[in-house]
Protein chains: 2
Amino acid sequence: MKNRRRDPSTPTPLNLGEFLCFAVYSANHAFNRVYQPLLRDLGLTYPQFIALVLLWAQDNQTVGELGQKLFLQSNTLTPMLKRLETLGYVRRTRDSADERQVRISLTEDGQKLQLLASDIVRRVRHATGLQNNQVEQLLDEISALRKALESHIAR
Amino acid sequence: MKNRRRDPSTPTPLNLGEFLCFAVYSANHAFNRVYQPLLRDLGLTYPQFIALVLLWAQDNQTVGELGQKLFLQSNTLTPMLKRLETLGYVRRTRDSADERQVRISLTEDGQKLQLLASDIVRRVRHATGLQNNQVEQLLDEISALRKALESHIAR
DNA sequence: AGCGATTTAATCGCACACGATATACATGTC
DNA sequence: GACATGTATATCGTGTGCGATTAAATCGCT
């Protein structure tokens, strides 16, 4: 039960190791670096891979739909999707019913990538060193954290 | 105990909500967005703030020392520290004993910022909606995750 | 039908982040 | 002391991210 006396003229020293935000920040970087060598052969970056995961689950989504799920806006997505188009993994076509919307659909090559994706995901999960139930628990906790932060942002 | 039959020609569908990496990725973004309005008045970005946290704990560190703690290299840090210098919060001076090293020291203005920092950190902690012991537990879990990922990268 | 408000993407400028490389300095070996 | 080796920082190019703005299409209201 220590109650150390401190010089009141200097603020409480902040220890970066105690920052939850920094733990999250550096864990995110670590994930990035684990994915990188696995994705290099496919010419993909980690965010691009995440976008493809969404498209494998549901093809032909609009830019806005993808952005809602990824928490990204068109200013980030549009250039990224254009790169995926250049790579030959997706097509970008205006929706004929609503010309404001751009629909992203997988090419045949883009669909084929999914065959490799499961293996990549498996490897990354292995790299976490966690059991399935631990992954689930941590995932729930971090998701709850994100939601709490977002509800705070909304105010 | 469902054991759905699947078409063996199509891969297992991947659900982004089950990706621990994505939970971490989006939680990191959420932190960023919570910090942003709090730091705007100081002209600081979130990574810049984190760098200052390190300098408040120990002034006059080298670029390399900061990079080791932030998991960043000079190609990221140098421009960022130059911006902090332009803002008038730090000075960049070559170490006279070893001219290869650049030492980063806080200006008077940079030191003063610490008075506001504790309040910002307190607000962000409040935004997480977590109790102190919950923060500690989650921090330990995420740090362990980062370490596991990094030890995997090292191989 | 007409027209302002809303929605959807795209564009621009800036700030990370990193791989690859360059440059200057320091160290060790002969 | 010279030269190879190693180290610390800086530079360059590319790819996210985001705030602010723009442009085009649609909606809603009268």
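The largest nonpolar core here has 102 residues, and those with the most contacts inside it are F19(A), F31(A), Y35(A), F49(A), F19(B), Y35(B) and F49(B). A nonpolar core is a set of buried Ala, Val, Leu, Ile, Met, Phe, Trp, Tyr and Cys residues joined through side-chain atoms within 4.5 Å. Buried means under 20% relative accessible area, exposed means over 50%, and partly exposed lies in between, with a 1.4 Å probe and protein chains only.

Before going on, a word on what you are looking at. This is a predicted model, in which local features need pLDDT of at least 70 and side-chain atom pairs count only at pLDDT 80 or more, while totals for chains, interfaces and linings use all residues; side-chain values use heavy atoms, with hydrogens and water left out. Residues are numbered from 1 along each chain as its sequence is written, and chains are lettered from A and ligands numbered from 1 in the order in which they are written.

Not counting residues up to four places away in sequence, Y35(A) touches Y46(A), F49(A), I120(A) and V124(A) in chain A, along with F19(B) and C21(B) in chain B. Contact means heavy atoms within 4.5 Å. F49(A) and F19(B), two of these partners of Y35(A), are also listed among the core residues with the most contacts.

Now step back to chain A as a whole. Chain A has six helices and three strands, and along the sequence they come in the pattern α-α-β-α-α-β-β-α-α. Helices (H or I, at least four residues) and strands (E, at least two) are DSSP runs, numbered from the N terminus. The radius of gyration of chain A is 20 Å, whereas a compact globule of 155 residues would have one near 15 Å. That radius is taken over C-alpha atoms, and the globule rule is 2.2 Å times the number of residues to the power 0.38. Along the principal axes, the C-alpha atoms of chain A fill a box of roughly 70 × 35 × 25 Å.

Of its 155 residues, 44% count as buried. Among contacts between residues at least 6 apart in sequence, 48% join residues at least 24 apart. The accessible surface of chain A comes to about 8900 Å², with 47% of it belonging to carbon and sulfur atoms. Accessible areas come from the Shrake-Rupley method with a 1.4 Å probe, and for residues only the protein chains shown count as cover. As for charge, chain A has 21 positive and 16 negative charges, whose mean positions are 7 Å apart. Here Lys and Arg count as positive and Asp and Glu as negative, leaving out His and the chain ends; each charge is placed at NZ of Lys, CZ of Arg, CG of Asp or CD of Glu.

Next, look at places where the two chains meet. A27(A) lies in helix α1 (residues 20–40) of chain A and is buried, with a relative accessible area of 0%. Leaving out residues up to four places away in sequence, A27(A) touches V24(B), I142(B), R146(B) and L149(B). From the other chain, H152(B) sits in helix α6 (residues 132–154) of chain B and is partly exposed at 25%. Apart from neighbours within four places in sequence, H152(B) is in contact with V34(A) and A127(A).

The loop between α2 (46–57) and β1 (61–62) of chain A is worth a visit too, and N60(A) is found there. Most residues other than glycine have a negative phi. N60(A) has a positive phi of about 65° although it is not a glycine, and at 36% relative accessibility it counts as partly exposed. In chain B, N60(B) also has a positive phi of about 65°. D59(A) is in the loop between α2 and β1 of chain A as well, and is partly exposed at 31% relative accessibility. Leaving aside neighbours within four places in sequence, its contacts are I104(A), S105(A), L106(A) and Q111(A).

We finish in chain B with V63(B), in helix α3 (residues 63–70). V63(B) counts as buried at 15% relative accessibility. Although V63(B) and I104(B) are 41 residues apart in sequence, their C-alpha atoms are 6.9 Å apart in space. Not counting residues up to four places away, V63(B) touches S74(B), L77(B), L81(B), V102(B) and I104(B).
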